[in-house]
Amino acid sequence: MMKCADPSGFAAELALGPTGRTVPVLTGLVALSCALVTAVLGMVLLDRALGRLDHAIAADRDAVYRMASAGVESSLSRALTLGIPADRLVGVDAFLEALRQRLPGTERIVLVLPGQQYTSRRGDGEQTAHAPEPESEPSRYALSLPLSSPREGATGGTLLFWHAASPLAGDRPGLLAGVAALSLGAGGVGGGLFFLCAGRALRTRGQRLAAAVAAVGQGQFVLPPPGGGTLPPDRCLKTLAEQIAPLTLRHALLMRHAEGLRAIDHDGSLTRQVEEILAALPAEWEFSAAETDLYRQGR
Amino acid sequence: MTLFQRLVLVVGVTVALALSAVWLMVADLGTARYQAQSEQRLAFRMQAARADIENRISLGVDLPRSLVVQDLIEDLHRQDPDSLAVDVISPQGVTLFSTDRALIGDQAPPVWQAVRKQSAGSPEGGALSRGQGSDGTVSGVALRNDLHEEVGVLVATTRGANGDGYALLADLSSLLVGGLVAAGALAVGIGFVLSRTPERQATEFVAGLTALPVSAGGPVSADRRFGQALQDRLGWVGDRLDQVSQRLSGADDEMR
């Protein structure tokens with residue numbers, strides 16, 4: 001291989017090739033994208049799933065409350081049928097409290113009768129005079145009750161069950177924290193996976209491209225085979241190799257011509273002439289020696 | 001595999017795995033809550049039925065002779081869509097009442113016997129005893145008279161809690177499928193956006209290197225200028241080689 005000097009200083013003007021600086025940025029963007037997409041889709045999934053679960057559990061809870069109301073209606077009807085006035089019922093509060101304890105998740109039960117109201121409470125079982133302030137919208141069930149006097153016929157009452165608006169409301173903060181943690185984890189995994197699957201190759205081939213471009217700037221037109229990769233630096237390397245190949249062939253032809261002239265020189269004058277002409281080429285230039293391969297390839 | 005394909009694969013797989021983990025977390029908790037609610041419903045109904053039956057026993061009628069118990073258990077069976085069978089078993093393990101009337105008078109199956117033994121040891125008014133039968137979950141609660149003696153066990157066979165859980169999981173699965181589809185679409189979009197810059201840089205570099213014409217008035221990117229500079233460099237090298245080659249040809253002609 002022949003080396004020629006390059007006085008142009010072209011190598012000094014060359015910067016790092018395309019895509020060389022993008023790997024850390026891409027890795028960070030991939031990690032951020034994975035985290036954000038997981039967070040957004042995770043929150044939507046969580047919200048929808050909790051909505052469906054709430055609906056399913058609420059339907060089941062409603063069935064329990066209806067059964068409880070039927071039981072209360074049956075018990076009160078027996079007492080009222082015996083002639084006990086509605087405002088003289090004893091132990092209703094304790095009865096409601098015992099019922100409330102058998103219904104997990106129920107905060108308060110209120111029985112509303114004409115002129116009277118009973119609330120589930122522990123201990124003394126006193127009647128309440130004022131309606132309790134509701135903490136959430138209660139579930140309401142109408143009761144059909146006979147008054148204490150059979151002559152007055154049936155009357156109505158209402159049973160109110162106060163419970164959490166969403167059976168899973170208490171679990172939501174924990175689930176949100178879980179989604180946040182999974183989002184962060186997805187970001188880390190996504191960034192790491194991208195680096196392993198593409199970032200590392202991208203960086204290596206970008207460095208290879210930068211080295212090739214720098215070498216061209218220094219007059220070294222010898223490139224390794226570009227390979228069959230499909231990443232952006234691979235395309236650049238392949239195109240650079242294709243652009244250098246004709247120069248390599250022309251240089252090989254030139255050297256063959258010079259060899260031929262030297263071979264027919266009888267007195268050395270032709271050799272001197274050839275050396276003078278070839279001295280015009282920079283000494284730092286270096287071309288591939290595989291010109292015979294180029295001949296065979298027909299370039 | 002191109003950069004776009006790798007990005008889609010990485011983002012798609014990562015987000016899909018993370019979303020699946022979210023779904024598992026929610027589904028696990030949700031089905032546990034739902035099953036607890038279902039069990040609460042069953043327990044409430046069983047306790048209410050027990051109270052009804054014990055009220056009748058307290059009036060002095062022997063349990064085997066309380067024909068109204070048959071109506072009670074059939075009401076209990078009818079009101080619950082998940083109920084498979086309701087039975088009352090004597091302390092000796094004989095079926096006294098059953099929604100499957102062919103079983104009345106027969107010895108109860110082993111799983112019912114096991115539940116009966118558990119219930120016999122439970123405190124009055126305590127939690128249900130449970131067992132797993134071939135058809136579903138078997139729950140039992142002891143029936144006691146005024147002397148607190150066990151006179152029988154009320155046994156309910158229900159479609160297992162797992163059945164409820166699977167139905168709910170199937171419902172939640174549609175959410176997961178939707179989430180995965182959305183994740184796939186977003187992965188394609190993200191892959192396109194993130195791969196655009198490196199691909200465009202390479203395209204511009206190659207265009208400059210191969211001296212493709214620039215659109216009139218269009219801006220020339222730094223990557224294209226870089227490629228053009230390299231192309232100019234190679235062109236200059238080619239020109240030098242041509243000059244030397246011509247001079248050699250001249251020397252050859254002179255010699256001839």
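Let's start at one residue: Asp171(A) sits in the loop between β4 (154-163) and α4 of chain A. Keep in mind from here on that this is a predicted model. Is Asp171(A) buried or exposed? It counts as buried, because its relative accessibility is 17% and the cut-off for buried is under 20%. Leaving aside residues up to four places away in sequence, Asp171(A) touches Leu29(B) and Arg33(B). With Arg33(B), the side chain of Asp171(A) makes a salt bridge, 2.7 Å from N to O. As a general point, side chains of opposite charge can pair when their charged atoms come close.

Which elements of chain B give two or more residues to the side that touches chain A? They are α1 (3-58), α4 (161-209) and α5 (222-255) of chain B. The largest share of that side comes from α1(B), with 27 residues. Sorted by kind, the residues on the side of chain B that touches chain A divide into 42 nonpolar, 17 polar and 14 charged.

Now step back and look at the interface as a whole. Here 73 residues of chain B are in contact with 85 residues of chain A. The area buried between the chains is about 7,000 Å², and carbon and sulfur atoms give 76% of it. Phe44(B), Arg233(B) and Leu248(B) supply 11% of the area that chain B buries against chain A, more than any other three residues.

What about chain B by itself? It has five helices and five strands, and along the sequence they follow the pattern α-α-β-β-α-β-β-β-α-α. Of the 256 residues in chain B, 48% are buried. If you take the contacts in chain B between residues at least 6 apart in sequence, 54% of them join residues at least 24 apart.

Back in chain A, another aspartate is worth a visit. Asp54(A) is found in helix α2 (residues 22-81) of chain A, and it is buried, with a relative accessible area of 14%. Not counting residues up to four places away in sequence, Asp54(A) touches Ser166(A), Pro167(A) and Leu168(A).

One joins the side chains of Arg205(A) and Asp234(A), at 2.7 Å from N to O. Arg205(A) lies in helix α4 of chain A and Asp234(A) in helix α5 (residues 232-263) of chain A, so this pair ties together parts that are 29 residues apart in sequence. Asp234(A) counts as buried, at 3% relative accessibility.

Arg262(A) counts as partly exposed, at 25% relative accessibility. A network of salt bridges links Glu259(A), Arg262(A) and Glu275(A).

Finally, how confident is the predictor? The model scores ipTM 0.73 and pTM 0.74. Chain B has a mean pLDDT of 82, with 87% of its residues at 70 or more, while chain A has a mean of 77, with 78% at 70 or more. Among the elements of chain A, helix α1 (residues 10-13) has the lowest mean pLDDT (36) and helix α4 (residues 172-217) the highest (90). Over residues 1-20 of chain A pLDDT stays under 50, and over residues 123-134 of chain A it is below 50. Where pLDDT is low, the predicted coordinates should not be read in detail.

How values were computed: Residues are numbered from 1 along each chain as its sequence is written. Chains are lettered from A and ligands numbered from 1 in the order in which they are written. This is a predicted model: local features need pLDDT of at least 70, side-chain atom pairs count only at pLDDT 80 or more; totals for chains, interfaces and linings use all residues. Side-chain values use heavy atoms; hydrogens and water are left out. pLDDT is the predictor's confidence in each residue, from 0 to 100. Helices (H or I, at least four residues) and strands (E, at least two) are DSSP runs, numbered from the N terminus. Contact means heavy atoms within 4.5 Å. Buried area is the accessible area (1.4 Å probe) that two parts lose on being put together, summed over both. A salt bridge is a side-chain nitrogen of Lys or Arg within 4 Å of a carboxyl oxygen of Asp or Glu. Ala, Val, Leu, Ile, Met, Phe, Trp, Tyr, Cys and Pro count as nonpolar, Asp, Glu, Lys and Arg as charged, and the others, Gly among them, as polar. Buried means under 20% relative accessible area, exposed over 50%, partly exposed in between (1.4 Å probe, protein chains only).
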